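Biologist: I would like to learn how to read a few features of a structure with you. Could you take me through them one by one?

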Amino acid sequence: MSDAQERAWAELAEAYVVESPRDEAATSIRPGSAIDPEAVWGRDAPLIVEIGSGQGHAIVHAAASRPADDFLAIEVFRAGLARTMLDADKAGARNLRLVEANAPEVLEHLLPEASVSELWVFFPDPWHKKKHTKRRLVTPSFAALAARALKDGGTLRLATDWEDYALQMRAVLAAAEDFEPAFEGEWAPRFEGRVLTAFERKGARVGRDIRDLAYRRRPRP
């Protein structure tokens with residue numbers, strides 16, 4: 001990390017970072033480590049979670065513009081989390097928390113069942129080489145973990161600029177019994193709550209179609 005990012009971590013982590021017991025890996029979550037969102041945020045409010053928050057542009061903007069909601073950024077790269085904290089502190093986004101961990105383990109172990117109102121997966125790593133596509137995040141097992149974390153009626157929002165990954169996402173969620181489409185036609189309209197980032201602009205500039213998808217968590221039996 002840069003010196004500024006190191007200082008941000010030292011000065012701001014106590015206010016923003018959700019610490020959790022680790023399993024074997026540095027970014028793992030020990031089973032049985034669930035947090036109490038009301039205790040973490042100090043209130044009972046809708047919780048929006050972003051997986052792979054990167055530098056934090058989308059979630060900092062959302063948290064600053066939606067003070068009545070609570071936000072959690074999940075990211076494995078500490079430099080990105082440090083930048084997120086710097087921007088959040090500058091924006092006065094006190095309703096944002098961060099966790100440095102693998103997203104599936106956060107969904108499975110750290111977040112209580114049915115605690116999340118919205119789950120965002122914006123521009124996840126496409127692992128575009130054929131030999132690497134098995135590493136993609138959005139799989140049937142991920143759909144099951146997302147369904148566990150989301151409240152009944154909660155929303156899973158996805159976006160990607162890789163067409164074959166968009167098709168994979170759509171196929172996975174179409175087969176997931178816990179979800180139903182929250183859009184009509186082939187693709188969802190662009191989510192207005194997603195700030196336009198340099199990453200998204202770059203994808204559009206090189207001619208990639210930006211694909212949005214949105215799914216509603218069906219009521220539990």
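Modeller: Gladly! Let us begin with aspartate 69, which is buried, at a relative accessible area of 13%. Buried means under 20% relative accessible area, exposed over 50% and partly exposed in between, with a 1.4 Å probe and protein chains only. Please keep in mind that this is a predicted model, where local features need pLDDT of at least 70, side-chain atom pairs count only at pLDDT 80 or more, and totals for chains, interfaces and linings use all residues. Residues are numbered from 1 along each chain as its sequence is written, and side-chain values use heavy atoms, with hydrogens and water left out.

Biologist: Thanks! With which residue does aspartate 69 form a salt bridge?

Modeller: First, the general idea: side chains of opposite charge can pair when their charged atoms come close. A salt bridge here is a side-chain nitrogen of Lys or Arg within 4 Å of a carboxyl oxygen of Asp or Glu. For aspartate 69 the partner is arginine 66, with 3.0 Å between the closest N and O atoms. Arginine 66 is partly exposed, its relative accessible area being 24%.

Biologist: How many salt bridges does a search of the whole structure find?

Modeller: The search finds 19. One of them joins aspartate 89 to arginine 94, the closest N and O atoms being 3.1 Å apart. Aspartate 89 is partly exposed, at 33% relative accessible area.

Biologist: And which parts of the chain does the pair of glutamate 180 and arginine 218 tie together?

Modeller: In that salt bridge the closest N and O atoms are 3.2 Å apart. Glutamate 180 belongs to strand S6 (residues 179-181) and arginine 218 to the segment after strand S7 (211-217), so the pair ties together parts that are 38 residues apart in sequence. Helices (H or I, at least four residues) and strands (E, at least two) are DSSP runs, numbered from the N terminus. Both partners are partly exposed: glutamate 180 has a relative accessible area of 25%, and arginine 218 has 34%. There is also a network, in which salt bridges that share partners join Arg66, Asp69, Glu118 and Arg157.

Biologist: Now to helices. At what angle do H1 and H4 pack?

Modeller: Two packed helices are described by the angle between their axes and the distance between the axes. Axes are lines fitted to C-alpha atoms, for helices over the stretch in contact, and angles run from 0 to 180 degrees between N-to-C directions. Helix H1 (residues 3-16) packs against helix H4 (residues 78-91) at about 70 degrees, their axes 9 Å apart. H1 and H4 are therefore roughly perpendicular; angles under 35 degrees count as roughly parallel, over 145 as roughly antiparallel, 65 to 115 as roughly perpendicular and the rest as oblique.

Biologist: Which residues of H1 and H4 meet?

Modeller: Among them are Ala8, Trp9 and Leu12 in H1 and Leu81, Met85 and Asp89 in H4, where contact means heavy atoms within 4.5 Å. Asp89 is also the salt-bridge partner of arginine 94.

Biologist: How do H5 and H6 lie, then?

Modeller: The axes of helix H5 (residues 103-110) and helix H6 (residues 140-149) come within 9 Å and cross at roughly 40 degrees. H5 and H6 are therefore oblique to each other. Their contact is made by Pro104, Leu107 and Glu108 of H5 with Phe142, Leu145, Ala146, Arg148 and Ala149 of H6.
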